[in-house]
Amino acid sequence: MRVAFLSDVHANFPALWRALEGARRHGADAVVCAGDLVGFGPHPVEVVRLLIERRVRCIRGNVERKLLGLPSSPKRLKKRLDKKSSAALAWTALALGEEERRFLESLPERLDLTFGGCSVLVVHGSPLSDTDYVYPSLTRRALEAKLGPLRPGVLVCGHSHVPFTRRVGGVRVVNCGSVGKPVDGDPRGAYALVDFLGGRAAKTRIVRFAYPAESVARDIAERRAAAAPPEEFLSGRKQSDG
Amino acid sequence: MAEPLPDPDPNSGGSAPPADAAFLLRGEPSWDRALRELKSAGYLPGPAAETRLDLLFLDTVEGRLARAGWRLVLCTGGRGVEVRTLDPSGSESGTGSPFDGDPGAAAFDARALSHAPEILGRAAKKPLVRILRLKVLRREVALQSPAGPVAALVVDRFSPPGPGRRGTRAHLSLRLPPGGDAATGRHLRVLLRDRVGLPEAPGDLLTTALRLAGRPEPGVLPPLACPVRSEDPMGLAARKIVALQAHRLDLQVPWALRDLHPEFVHDARVATRRLRTALRLLAPALGPRRAESLRRELAWAGGLLGAVRDLDVFLEELWGMERRLPEGMRLPPALVERLVRDRSEALEALVSGLSGRRFAALLDRLGRLAASPVPKGTRPAPPPTAGEAAPVLLLRAEKRARKAGRAVEPASPPEALHRLRILFKRLRYTGEFFEDVLGEAMGPYLQAVVALQDTLGAHQDAIVGARRLVEASEALAGVGAASADLLAVGALLQQFAASAGERRAAFSSKFAAFEKASRRRRGRTKGETFPRTPA
C-alpha cells in the first residue's frame, strides 16, 4: 500500500494541487496531511476546500491551533491586521468561511493509523508538542525522549519545513517537509511517499515537485493578503536567511 | 456544492480588486476538463448557449478610449446590431459611459455604423475608427452554487486576424454578475488557473486577438515616448516630448492623407505645431542647430496641412452660416465651387508632399533625435532636471502671455489678438508637455488657458473667414455675379463680423478667468522652491 504524507501547505493552492496530482500519478492509495494547512499564504479557502473535497485526512498544526484561538469578531480581527506578529493569522481567520472553520475545528492533534499492519503516528511538530522540531540530526536518545513509551513503526511529522526520512532506533522517521513554503533553499514543494510492505517494513522517499510560485506571489499582491513575503515562495528561503 | 464565500480580502474595505479573469483555451478537451473540475469543486455548470457574433472594436486613432480603460464594440448577431461599452473594470457598462457629457458622441449611431466602412462615429470630437473585426462563436455557461448563479463562463472562438494565421483560438472569460461575490470570482480564477492549468490571457478578447495578430494595442505609446518624470534630466525629458509628439504625427498623417474626416488633418497639424513649440522651447537640451533645422521642415509640413485645415474650418463655418441666412438666400454656387476646388488643390499638394521622401526623412530625423543619447552636463554642475526646469519655463511663457494679454484694449487690431493667441498656444503646450511634472494644480489652470485660446482662435477664424470671403467675392464680382449672390455674401460678412465681435467681447472675461486660475495655481504651488534660471 502506498500513502502520500503532506505537511505545511500554508494556504498555497497551486502547490497543494500539484502535490495531490503527483501523489495520484505515483499511485498513492491515501493522502494524509500533517497540519499547517493555512496561514502565510494567499489561498486558505481554496486549500481547505480541496482537502475536504479530496477527503484528505488531516491533523491540526500549530497555525490552526493559534488561528482557532483568535477572537471571532471581525472587528477585533481587523485590529490585529496592523500587528506584524498576528496579521497573517488574522487575515486568514477573516478569509475563512463557516464551512472551512468547522473543518479546522474538527481536526485532531494527532493521528494513530495502521497501514498494511504497520502503526503510523502522525503529528505536526513532534509527539511532545506541535511547536517542537524534528530535524535530520535527530539522535536515538532524543527520539526516545520525544516518543516516551510509544514505539510506532513510522513517525510522520512536519513543521520544520526540512524534508528527510531516517530510521532511528527502529522507528522510521519521516518529515514531509513543506508542500507550500519550503525553506531549505529549494523552492520546489515536498511531500513523502511511503510504501507499506507488510509488518513494520516500509520504504520511504521524498518527492520534490515544481509549481508556479509566481502565481502565489501575484495573488498575495492582488488579494492584499497578510502573508509571508512573496520572495520566500520564489526563493524557497526565509527572507532573513539572506 | 460550493458555499458562498466571505470576502477573503479584509484589507480591501469593500473595494476588492476585480475578480473577473480571462484565460486561453487550447481546444475542446480543455473546455470539457474545465467544466469537470469546476463541477468537482462544487460549481454546477448550466446548459451552454451558443451565438455567432460579428464584433467590431472601435477607438480613436490615438486609442483615447483604451487609454481610459474603455472598450467600444459594435456587436452584430444575437439581438441585431448593438453598441456595447465595457468599462474600465471589464464589465459591460450599465452605470457609466465613455460618452457621458460628450457632445461628439451624439454622432454615434449603431445603424449608421453598420454601413459606414471607415469612420464609425465620433467621441470627444475625434473620429472612431475600426481597430479590429472579429467573427466569434460565443458559448456561455452559467455556474450555479446553492445560493444561485455565481458567475458565467464565456468562451469566444475566433480565427486570429492577419495573413498566414490558420486555425481557431479560444478566449475564456470569467464574468461575475453585477454585484457578484468577488471572493467566489477569485476562487474560480485560482481553480481555472491552478487546477485546470489554463494559461492566463494577456487581457480581454481584443488584447488577445491583437497579440495573436502581432498588432499593437490602441493607445499604447512607444517606449521612447513614455511620460516625463520630475527627476528626468532635461535632455531626456525633451527627447521624450519629441518622441510622443512625433508618434502622434506619425499616427495621424496616414488617416489625414486618406481624407476621411477633417479631424485627422486637424490633429496632424496640431502635432506639427506642438513639435515646433517643443523644438523651440527645448532647443538648448536638444541641440539648437538640429532643432532649428527640424522646425523649418515642420513649418513646411504644417503649411501643407494648414492650407487644407483652414479651408475645412472656413467651409464648415460657411455651411453653418448658410442655415442662418434669410429665407431665399443661399451660398453663391460659384463661391462654393471655387472653395471646393481650392480645397481639392490644397489636398493634392498635401498628399503629394506628405507621401514623399521629404516627409519620410523628417519623421526619420525626429525619431533619431528622440533616440539620440542625452548629452552629459558640464562639470561640476549637474544638468537640470525636468522638475527644476519646467516651472521656470512655464512661468516664462506665462509672463509673456500675461503681459501681451494685459496690453489688449478694445481698439487693439486683430493682429494683436492673433499674436496673443500664439503666445497662449505656446503657454498651453508648455503646460501640457510638463503636466505630469507640474502636479495636480495644472488641471484647472490648463482648462482656463484652453478656454482663452479657443476664444482667440474663434476670433481669428472669423477675421480670416471674412477676409477670405471678401477676396472670393471680389473674384466673383469680376466675372459678373448675380446681385442675389452678392447680397448673400454681404449677409455672410455681417455674420463673420458679429462672430468676431462676440469673441472679442468674451475675451476680457476669459482673460480674467485665466488670471484667477494662474493666481490659484501659484497659490497651490507656494512653498515649492524654483531655481531662478534653468541651466
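A nonpolar core is a set of buried Ala, Val, Leu, Ile, Met, Phe, Trp, Tyr and Cys residues joined through C-beta atoms within 7 Å. In this predicted model, the largest such core has 94 residues. Chain A has nine helices and ten strands. Its radius of gyration is 17 Å, close to the 18 Å that the globule rule gives for 242 residues, so chain A is as compact as a globular protein of that length.

**Cores**
- In soluble globular proteins, nonpolar side chains tend to be buried together.
- The residues with the most contacts inside the largest core are A:Phe5, A:Leu6, A:Leu16, A:Ala34, A:Val47, A:Val156 and A:Tyr191.
- Apart from this core lies another of 66 residues, including B:Leu286 and B:Ala401.
- Beyond its neighbours within four places in sequence, A:Leu16 touches A:Val9, A:Val47, A:Leu50, A:Val179 and A:Gly180.

**Sheet and helix in chain A**
- Five strands form an open sheet in the order S3-S2-S1-S9-S10, with mixed pairing.
- Strand S3 (57-58) and strand S10 (201-209) are the edge strands, and each pairs on one side only.
- Strand S2 (residues 30-33) runs parallel to S3 and is joined to it by two bridges.
- Within this pair of strands, A:Val32 stands opposite A:Arg57 in S3.
- Helix H1 (residues 13-25) lies across S1 (2-6), S2, S9 (189-198) and S10, and runs at about 25° to S9.

**Overall form of chain A**
- The C-alpha trace spans about 50 × 35 × 35 Å along its principal axes.
- Of the 242 residues, 49% count as buried.
- Among contacts with a separation of 6 or more, 68% are between residues 24 or more positions apart.

How values were computed:
Residues numbered from 1 in each chain as written. Chains lettered and ligands numbered in written order. Predicted model: local features only at pLDDT ≥ 70, side-chain atom pairs only at ≥ 80, totals over all residues. Buried ≥ 20, exposed ≤ 12 C-beta atoms within 10 Å, placed from the backbone. Contact = placed C-beta atoms within 7 Å. Pairing = 2+ DSSP bridges. Helix = DSSP H or I, 4+ residues; strand = E, 2+ residues; numbered from the N terminus. Axes fitted to C-alpha atoms, helices over the stretch in contact; angles between N-to-C directions. Rg over C-alpha atoms; globule rule 2.2 N^0.38 Å.
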